[in-house]
Amino acid sequence: MPNLAGGLGTQPVTRMSFQIRLNHLDGGQVAFSGEPEVSIARSAALAGIQLTTGCLQGRCAICRAYLQQGSVRLRRRPSPSALTSPLARTDGTVLLCAIVPLSAVELTPLSPWTGPV
Ligand code: FES
């Protein structure tokens with residue numbers, strides 16, 4: 001008879017997370033944790049940071065940020081009506097609502113943000 005003590009139902013769930021650092025354009029930095037399946041905009045909101053956002057679907061581009069360090073990927077396919085591909089933007093920016101971290105990252109949002117609150 002199998003011993004179910006310590007089986008799958010009692011194993012602790014280990015979730016990978018990465019440090020996300022946001023720079024203010026005029027100096028200062030805040031760090032928080034982000035998970036590989038959660039957009040950086042969503043992780044920021046969960047950490048009490050208020051980013052400037054609009055559509056949250058990769059269309060309006062108000063959440064642009066410079067990726068200064070680290071790796072990211074698209075959380076999902078961008079909308080066909082997207083202004084540009086979030087990872088193929090020609091201005092060197094990414095869209096915080098459309099990307100997830102693949103490592104520790106450092107970003108500088110172009111729009112104002114506050115927090116944590
Ligand atoms: S909030 Fe519109 S593209 Fe990110």
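In what sense do strand β3 and β5 pair, and over how many bridges? Strand β3, which covers residues 64-69, pairs with β5 in the antiparallel sense over 3 bridges. Two strands are taken as paired if DSSP finds at least two bridges between them.

The structure is a predicted model, in which local features need pLDDT of at least 70 and side-chain atom pairs count only at pLDDT 80 or more, while totals for chains, interfaces and linings use all residues. Residues are numbered from 1 along each chain as its sequence is written.

**Overall composition**

The secondary structure of the chain comes to 1 helix and 7 strands. Read from the N terminus, the elements follow the order β-β-α-β-β-β-β-β. Helices (H or I, at least four residues) and strands (E, at least two) are DSSP runs, numbered from the N terminus. The chain has 117 residues, of which 26% count as buried. A residue is buried if 20 or more other C-beta atoms lie within 10 Å of its own, exposed if 12 or fewer, and partly exposed in between, with C-beta atoms placed from the backbone. Two residues are in contact if their C-beta atoms, placed from the backbone, lie within 7 Å. Among contacts between residues at least 6 apart in sequence, 63% join residues at least 24 apart.

**The sheet**

An open sheet of 5 strands has the order β2-β1-β7-β3-β5, with mixed pairing. β2 (29-34) and β5 (93-95) stand at the edges with a single partner strand each, so one side of each has no neighbour in the sheet. From one strand to the next, the twist averages 40°; the axes are lines fitted to C-alpha atoms, and angles run from 0 to 180 degrees between N-to-C directions.

| Strands | Sense | Bridges | A bridge pair |
|---|---|---|---|
| β1 and β2 | antiparallel | 6 bridges | Asn-23 and Gln-29 |
| β1 and β7 | parallel | 3 bridges | Arg-21 and Glu-106 |
| β3 and β7 | antiparallel | 4 bridges | Leu-67 and Leu-107 |
| β3 and β5 | antiparallel | 3 bridges | Tyr-66 and Thr-93 |

β1 and β2 form a hairpin with 5 residues between the strands, in which Gly-27 takes a positive phi near 110°. Val-105 of β7 is the bridge partner of Ile-20.

**The nonpolar core**

A nonpolar core is a set of buried Ala, Val, Leu, Ile, Met, Phe, Trp, Tyr and Cys residues joined through C-beta atoms within 7 Å. The largest such core has 19 residues, and those with the most contacts inside it are Ile-40, Ala-41, Cys-63, Leu-95, Leu-96, Cys-97 and Ile-99. At least two residues of this core come from each of β1, α1 (40-46), β5, β6 (99-101) and β7. The most is given by α1, with 3 residues.

**Pro-36**

The loop between β2 and α1 holds Pro-36. Pro-36 counts as partly exposed because 15 C-beta neighbours lie inside 10 Å. Leaving aside residues up to four places away in sequence, Pro-36 touches Met-16, Val-100, Pro-101 and Leu-102. Pro-36 and Arg-73 are 37 residues apart in sequence, and their C-alpha atoms are 9.0 Å apart in space.
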